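Please open the model in a viewer and keep the sequence panel at hand. The stops below are given in the order in which they may be selected.

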Amino acid sequence: SWRSRGSSAVERAQQYTVGQKIHGFTVKEVTAVPDLFLTSVKLSHDATGAQYLHAARDDSNNLFSVQFRTTPMDSTGVPHILEHTVLCGSQRFPCRDPFFKMLNRSLSTFMNAFTASDYTMYPFSTQNAKDFQNLLSVYLDAVFFPCLRELDFCQEGWRLEHETPTDPSSRLMFKGVVFNEMKGVFSDNESLYAQHLQNKLLPDHTYAVVSGGAPLDIPDLTWEQLKHFHATHYHPSNARFFTYGDLPLEQHLQQIEEEALSKFERTEPNTAVPPQAHWDKPRVDHVTCRPDALAPDPMKQNTLCMSYLLGETGFEEEQIEALLHKIEIQMKHQSTSFGLALASYIASCWNHDGDPVQLLKISENVSRFRQCLKENPRYLQDKVQHYFKDNTHRLTLTMSPDERFLEKQAEAEEQKLQQKIQNLSDADHKDIYEKGLQLLAVQSTTQDASCLPALKVSDIEPIIPYTPFNYIYCLFLGGVPVQCCEQPTNGMVYFRAMCNLNSLPEDLKIYVPLFCSVITKLGCGELDYRQQAQRIELKTGGMSVSPQIIPDTDQLDLYEQGIMLSSSCLERNLPDMFQLWSDIFNRLVFFQETEKEIFKSLCKCIDFILMHLHRPAGDLQRDGPGDLQQLCTVKFMKRIAELTDLTSVLRKLPRIKRHLLNPENMRCAVNATPQKMSDAAGEVERFIANIAANRKERKPVRPTIVEVRPLDPQAGSSVSRKLISEPHFKPCQMKTYFQLPFNVNFVSECVRTVPFSHADYASLCILARMMTAKFLHGEIREKGGAYGGGARMGGGGLFSFYSYRDPNSTQTLSAFRGGVEWARAGKFTQQDIDEAKLSVFSAVDAPVAPSDKGLGRFLNGITDEMKQRHRERLFAVTNKNLTDVDCETKPIQKCGGDSQRVDCSWSQCFKNHYTKMYARHGFQLSHSLCQATLEQQTTSEASRLG
């Protein structure tokens, strides 16, 4: 193994000395950063001048990143399209799309690439040392020695192609992954506004253009320009390398030197960004956007951004302390992707030759700030005077909707298309047709990926690390079950409480998302909503309440419904955090304030909710299976926001509170250090005593459909969940259609299959991953031009197909059905199955933060034994299992109160019992919107279950 067991990574790094030579690099600086429990080692490459920063930390989730300063001078999206294209094959790994293929040959915890306004970054992370070497080889070869084939440029960037590539009489149109991605990006008014703001505020250099590519400018980029941009920007002399974790630095340096840097000589890259010339007077500008169909008031859709004057009274000390407390929380919180967060944090500063190590010295910077404040009480006011009041480089940018905005966009794209077509000769038309056929042939050809490195299934640990019994246990405090999970939380305490809503009347349930959103924002105790917000920021890492629907692990038609309270704090603030929760339970402001003030507070909350809920469909894929419910909530919230009198709504909130904030229906969980767990448990007990007056046994609304299920039956736990059953529910085909003003589509179909504990669940997980990699990716992304698509198996028993930022709809629906037929035909090899297992295990074994340990047991009742059983089933999946699951999985339908087996194959079940979700763009019903789900959601699903 690469890992040294003799000493910690931090200690080893501290032994390097300035001037030391290591594999062609020279050590420039070694710095201990105790705030972040790491040691930084700064180096430079002797031959090329490449910069290197290593953050040694005792964290097994090791990360690599290489970034290049990329400063385009037009909006053709050349750095963005290059980011896509370099990942389509390289000298050592010439197969098409090695990046996506490595997702199935690796145990990576993260693989991606990013294009910012002035840099492009390629990061990956993994917990496996051999995997780190494999991925490093692929990434180095991709960025420094890419193939940059013309067909890959056409697929990923843009191309003129017949709508039906095999039919030369079909119309010509623009296609391309990045072209469609950026159409999706600018469907969001906020993204559109932010882009205009940057372009107009910094108009003299690279920030005046769209680095990701403006859809109407992307078709101006040529293949030759792409190759030239790579030659001038992707050079070690313009590169910054970053590694993080507990693997030895020497091994990284040796591999990077031997496989890449030794083949280059120093150049002087002309990529620096000159300072923006300062304006001598402020400027005003205006842009337009599409109307927001979901806005509560169509007349109130204007956006304004401008610098503004602050009063002379200065800043309250508590406000300053709240911000410094937030920094301390961020330092203390143990994230599973800490390396990636560091890489992103230092990227911009380092990109412009700032000192990344200085950024990491957070305590030192805070101390310097406090000293400045001590020496000059008007320190912040002076900064405001300098940067705001006296600053003539000021832009006031307004944005308002234009009813013809989308129509004008479509007209401009059509005009661009016709310009391209008019300049085509007969030979050009023939060339377009032939290249379309070539691309289709390449996309349809099975690629030989044997050149790529790969882990084996035998490299996966067969047994999960079991949580010792004394680290996670249950107490009963004030009659409420409390799960205690002792973890190295670095001085933080994490609290959750699950409250079921079985007794809540049906007419109030639709208001639960609103209740959850406003309950921590209305004010409590002696605090109004502003004071409460500041108190929460000063004493906690945040307090939230969210609606929960948690499926049972054994039966599809059983579930728990409720709300979850979540918060965290520094150990010294434990009493303050629970006092805030006590006041929310006992002394909510809507019992005390005038109705007028409540009305104002509630309106602010509703505006906030609407702003965050009706994000563009391009963001939906990150939100998981709740998207459909969120969209329905948006419609309901819109109706509320349109009300002129909220009295009827206000009267419902106290009623909901009486049912939900009730200790009788509550269970709690606390994650803290072993040293602090006793104190934390004591505070929880006091909190429960403080809210005892709210305890009242309320009968379920539908008493015949509540089933009590122990969270851990094997341990004989008396902690239980009250599950809801729907005796009259019968699964049936349902089509859901949302009309949204986006010029790309989101498509999904899903089918009920089996719950988590079922023997076939593991096979369906493998099948979903394999179907994505071996069939759907090629059909939906490569051929269809969507930004992404695939299949996944959800913890609630739903097998889902999805696409996002998709120019197609019916073609994608056909691809979903094609995936089913592909699976039924059994056109896969043992290698395909093994690769799918690696991909699934990378999610199953994703690191879990100390704050989230035990959460799967607390919410879902998933124990270590259940996880191990699932693991063994994943290992045991064979070709026969995957073909049998098509013939043998028989979903359960509920009919007239009795469970009845349906005698049909899984694929027939797919045909009969799927959910299809549509959205409409323009006047054609062929466009679709979905409950979109990314491959990464498998990771979030695994984390939730874990």
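**A helix pair**

Helix 19 and helix 20 cross in a left-handed manner, a term used when the near helix is turned anticlockwise from the far one by less than a right angle, right-handed being clockwise. Select residues 529-539 for helix 19 and residues 574-586 for helix 20: the axes lie 9 Å apart at an angle of about 150 degrees. Helix 19 is therefore roughly antiparallel to helix 20, the word for angles over 145 degrees. Helices are DSSP runs (H or I, at least four residues), numbered from the N terminus; axes are lines fitted to C-alpha atoms over the stretch in contact, and angles run from 0 to 180 degrees between N-to-C directions.

Next, show the side chains of Gln532, Arg535, Ile536 and Lys539 in helix 19, and of Asp576, Leu580 and Ile584 in helix 20, which form the contact (heavy atoms within 4.5 Å).

**Confidence**

This is a predicted model, in which local features need pLDDT of at least 70, side-chain atom pairs count only at pLDDT 80 or more, and totals for chains, interfaces and linings use all residues. Residues are numbered from 1 along each chain as its sequence is written, and side-chain values use heavy atoms, with hydrogens and water left out.

Colour the chain by pLDDT, the predictor's confidence in each residue from 0 to 100. The average for the protein chain is 85, and 86% of the residues score at least 70. Now select residues 613-626, where pLDDT is below 50. Where pLDDT is low, the predicted coordinates should not be read in detail.

Definitions and conventions:
Helix = DSSP H or I, 4+ residues; strand = E, 2+ residues; numbered from the N terminus. Parallel < 35°, antiparallel > 145°, perpendicular 65-115°, else oblique.
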